[in-house]
Amino acid sequence: MSDELKEKDEDSSEATKRELHETSLYQDVKPTQWPIIYSPEYNIGFLGLEKLHPFDAGKWGKVYGFLKEAKMIRDDTTVRATEATERDLLVVHTKGYLNTLKWSFHVAQITEVPPVAFLPNFIVQRKVLRPFRYQTGGTILAGKLAQERGWAINIGGGFHHCSANQGGGFCAYADITLSIKFMFDRLQSISKVLIIDLDAHQGNGHERDFMDDDRVYIMDVYNRGIYPYDGFAKRAIKRKVELSHGTDDEVYLELVDRHTKEALEEFQPDAVVYNAGTDILEGDPLGNLSITAQGIIERDRLVFSHVRSRNIPILMVTSGGYQRSTARIIADSILNLKQLGLIPCEDAENAPKPQSSVK
């Protein structure tokens with residue numbers, strides 16, 4: 001390359017850096033904090049409307065509570081997510097799409113809760129979309145923490161049906177796409193990302209967003225007989241594993257184990273985004289698979305073992321899960337990962353309790 005071309009390339013790179021907007025999402029985190037991200041703002045609740053959708057809209061708070069009960073974490077040793085602003089969201093989303101969210105009817109379609117259509121939009125923004133924006137902020141931050149610590153878990157996020165210009169399936173913001181775009185733009189060591197999507201549903205949102213982007217390799221293991229039936233988005237899947245109704249632990253875990261290993265060897269990513277949906281659980285009304293609670297815990301162990309043994313940063317989001325028992329399973333899985341030494345954080349484990357200001 002000539003000196004003139006090199007100079008132009010450097011100028012272009014510097015211009016790109018200057019164009020990056022200021023964001024509060026990439027916050028600094030203390031060594032005594034686990035790279036586990038949560039906010040009480042994650043949870044959705046308003047006049048019981050959340051009960052009209054099978055999703056447990058308080059799942060995230062329950063997971064956090066179970067981890068606190070187990071003495072793994074405390075409020076001072078975990079990271080509080082901050083809300084993604086419009087400027088943050090515009091890194092991926094079109095202005096036109098964000099404007100559609102100002103119509104309650106459109107949000108009702110995305111969340112699949114029809115009565116939301118009759119609420120004033122300022123209430124919808126505060127009670128429905130704001131929690132999603134906090135979770136999206138958590139997923140974006142998880143990318144930075146995974147690169148710094150080797151791993152990160154957002155107790156929320158995983159809105160894999162939302163793309164840059166279309167929401168659906170209880171997914172209003174494309175947090176996975178956003179997290180990856182932030183990594184590409186702001187973390188010099190990250191130029192190739194592997195998405196391992198193990199939610200029961202096809203992750204058509206991030207698939208549409210990365211359709212022609214060779215920097216992203218998508219492995220998707222899903223039930224082919226359920227929503228979203230997105231044939232176009234399937235073109236973006238590099239490693240497609242389609243399951244049938246009733247798939248059990250033995251078949252499922254063998255597939256996850258083999259394909260995770262092969263995807264990592266084939267692509268050799270700089271980071272992994274793991275969409276760890278629990279709607280694969282037997283009895284789930286939407287997933288229609290037959291994976292046991294122990295099967296989910298073993299699945300997560302397999303993924304973390306393969307990724308961590310290669311010293312590749314991994315961030316996990318919790319995604320779908322439509323039974324009241326899933327919060328307990330997610331917490332048990334995280335506790336198992338800690339017990340096995342797959343998610344260490346010695347400074348957080350040994351952090352002294354803050355002194356009370358009350359005398």
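Student: How many of the residues of strand β5 are buried?

Tutor: Keeping in mind that this is a predicted model, 8 of the 8 residues of β5, which spans residues 216–223, are buried, so the strand is largely enclosed by the rest of the structure. Both of its faces are covered, with Val 216, Ile 218, Asp 220 and Tyr 222 on one side and Tyr 217, Met 219, Val 221 and Asn 223 on the other.

Student: Which strand does β5 pair with over 5 bridges in the parallel sense?

Tutor: One partner is strand β4, residues 193–197, which pairs with β5 in the parallel sense over 5 bridges, and within this pairing Ile 196 has Met 219 of β5 as its bridge partner. Between these strands the chain passes through helix α8, residues 204–209, and this β-α-β crossover is right-handed. Strand β6, residues 239–243, also runs parallel to β5 and is joined to it by 5 bridges, with Arg 239 of β6 as the bridge partner of Met 219.

Student: And the loop between β5 and β6, where does Pro 228 come in?

Tutor: Pro 228 lies in that loop, and the peptide bond joining Tyr 227 to Pro 228 is cis, with omega at about 15 degrees. The loop between β5 and β6 also holds Tyr 229, which has a positive phi of about 50 degrees although it is not a glycine.

Student: Is Tyr 229 buried or exposed?

Tutor: Tyr 229 counts as exposed, because its relative accessibility is 57% and the cut-off for exposed is over 50%. Glu 112, in the loop between α5 and α6, likewise has a positive phi, of about 60 degrees, without being a glycine, but Glu 112 is partly exposed, at 38% relative accessible area.

Student: New topic: how many disulfides are there?

Tutor: The structure holds 0 disulfides. Taking Cys 171 as a case, the closest cysteine sulfur belongs to Cys 162 and is 6.9 Å away, which is too far for a bond, because a disulfide needs the two sulfur atoms within 2.5 Å. Cys 171 is buried, with a relative accessible area of 5%.

Student: What does Cys 171 line, then?

Tutor: Cys 171 is one of the 17 residues lining the second largest cavity, and it is among those nearest the centre, together with Gly 158, Ser 319, Gly 320 and Tyr 322. That cavity has a volume of about 110 Å³, and its lining divides into 6 nonpolar, 9 polar and 2 charged residues.

Note on methods
Residues numbered from 1 in each chain as written. Predicted model: local features only at pLDDT ≥ 70, side-chain atom pairs only at ≥ 80, totals over all residues. Heavy atoms only, no water. Buried < 20%, exposed > 50% of the residue type's maximum accessible area, 1.4 Å probe, protein only. Helix = DSSP H or I, 4+ residues; strand = E, 2+ residues; numbered from the N terminus. Pairing = 2+ DSSP bridges. Right-handed = clockwise from strand over helix to strand, strands pointing away. 1 Å grid on protein atoms, 1.4 Å probe; cavity = no way out; pocket = protein on both sides within 12 Å on 5 of 7 lines; lining within 4 Å. Points joined across faces, edges and corners; volume = space filled by probe spheres on them. Nonpolar A, V, L, I, M, F, W, Y, C, P; charged D, E, K, R; others polar.
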